[in-house]
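Please look at the sequence and the model before reading on.

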Amino acid sequence: MKKLFTVLPFIFMLCILFTLPFLSKQVSSAVNSGISICFSELIPSLFPFLFLSSLTASFASPFMVRFFSPFLCPLLGITPLAVSAVITGFLGGFPSGCAESARLYSEGKISKEEAERLPLFCNNAGLMFTLGTIGTGHFSSFEAGLLLYFFHLFSSVICAVLTRNSKKSYSFTPKDIPPPVPLSRFPLLFTNALKKAIFSMALISGNFIVFRVITSLLLHLFGNSLALTFLSGLLEVTGGILAMPETTEGLILSAFLLSFNGFCVHMQSMAFFAPLKLSLKKCIIGKIFSAFLTAFLMYVSLANGFSPEKGLPPMAFYIVLVLIPILFLFPYTKKASDSV
């Protein structure tokens, strides 16, 4: 079986290689559309966050730790220095959270165990991409984008809660605040952050275009059915979601794909983890769980009256999103306080 899994990728690559000359027009179209999406969507939404998150984490880390650690550390089960990866991943879009986790580990600020756990919940879709490109742009509904983003982050938080070490106290103390960075180091930190953002953006764009070509070939050869569109979304999430129909099924499947991230995003994350000998196994397992939970929450909302035309349903939005976290957090808070 192991030998079969080794041979299959080789056979798949050979098939793609021999298909390219016969579908050169389709390949060129896929590359052009991939480059267009990179310049119109990925770079505008990701590059500022990749740059600013790296600069902020290296220069303003003491302020981030002071303001966010008292809440995020016990909630997510992380150490104070990992706060920057969480904030970056919640706002900046994948794979910025994974890139920040790799940076923190390479600098010796977090352990290997924590670096491999963080992408479970901090490697998420960006706010601008979900609300603008998917919600307003594709489904013609800001509310749909809002629910997709909220359910997506909610599932990530639940995944973090379920994987916390219940025997460990994640309390925050003033001694956890790192020393302030001298202002004289700002020009150097600015340049380093810019270099890292450019390199990361090049890797992300390259991965996206390659997977864009593969999914385009699959859809061209086997037809544009809902099942195949979903499978293509498992490979490359952006193209998969944008090809989804503007229906109930399309919203549910889009919710699944958004939380799973797609193998393209996992490959982008691997580009940061592999040189450090970090594993993404926990992340992929966690993303599968998050994908099913996000799809279920979207199904509950649709069953309780949500539609892009009618707006948000109060019952699904408040009961499901507010009461469920309380069920998880109260027992843990009590246990943590007892241990102290």
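## Two helices in contact

Are α11 and α13 roughly parallel or roughly perpendicular to each other? In this predicted model, the axes of the two helices cross at roughly 20 degrees and come within 10 Å. Angles under 35 degrees count as roughly parallel, and α11 and α13 are therefore roughly parallel to each other. Their crossing is right-handed.

On the side of α11, the contact is made by Leu-226, Phe-230, Gly-233 and Leu-234, and on the side of α13 by Glu-249, Leu-253, Phe-256, Leu-257 and Phe-260. By class, seven residues of this contact are nonpolar, one is polar and one is charged.

## Aromatic pairs

Across the whole structure, a search finds five aromatic pairs. One of them joins Phe-186 and Phe-190, whose ring centres are 6.2 Å apart; the planes meet at 45 degrees, so this pair is tilted. Both residues lie in helix α10 (residues 186-222), four residues apart, about one turn of the helix. Phe-186 is partly exposed at 31% relative accessibility, and Phe-190 is partly exposed at 35%.

The rings of Phe-230 and Phe-256 have centres 5.5 Å apart and planes at 55 degrees, so this pair is tilted. The pair links distant parts of the chain, 26 residues apart: Phe-230 lies in helix α11 (residues 226-235) and Phe-256 in helix α13 (residues 248-260). Both Phe-230 and Phe-256 are buried.

## An aromatic cluster

Ring pairs also link Phe-51 with Phe-186 and Phe-190 into a cluster.

Notes:
Residues numbered from 1 in each chain as written. Predicted model: local features only at pLDDT ≥ 70, side-chain atom pairs only at ≥ 80, totals over all residues. Heavy atoms only, no water. Phe/Tyr/Trp six-rings, centres within 6.5 Å; stacked < 30°, edge-to-face > 60°. Buried < 20%, exposed > 50% of the residue type's maximum accessible area, 1.4 Å probe, protein only. Axes fitted to C-alpha atoms, helices over the stretch in contact; angles between N-to-C directions. Parallel < 35°, antiparallel > 145°, perpendicular 65-115°, else oblique. Left-handed = near helix turned anticlockwise from the far one by under 90°. Contact = heavy atoms within 4.5 Å. Nonpolar A, V, L, I, M, F, W, Y, C, P; charged D, E, K, R; others polar.
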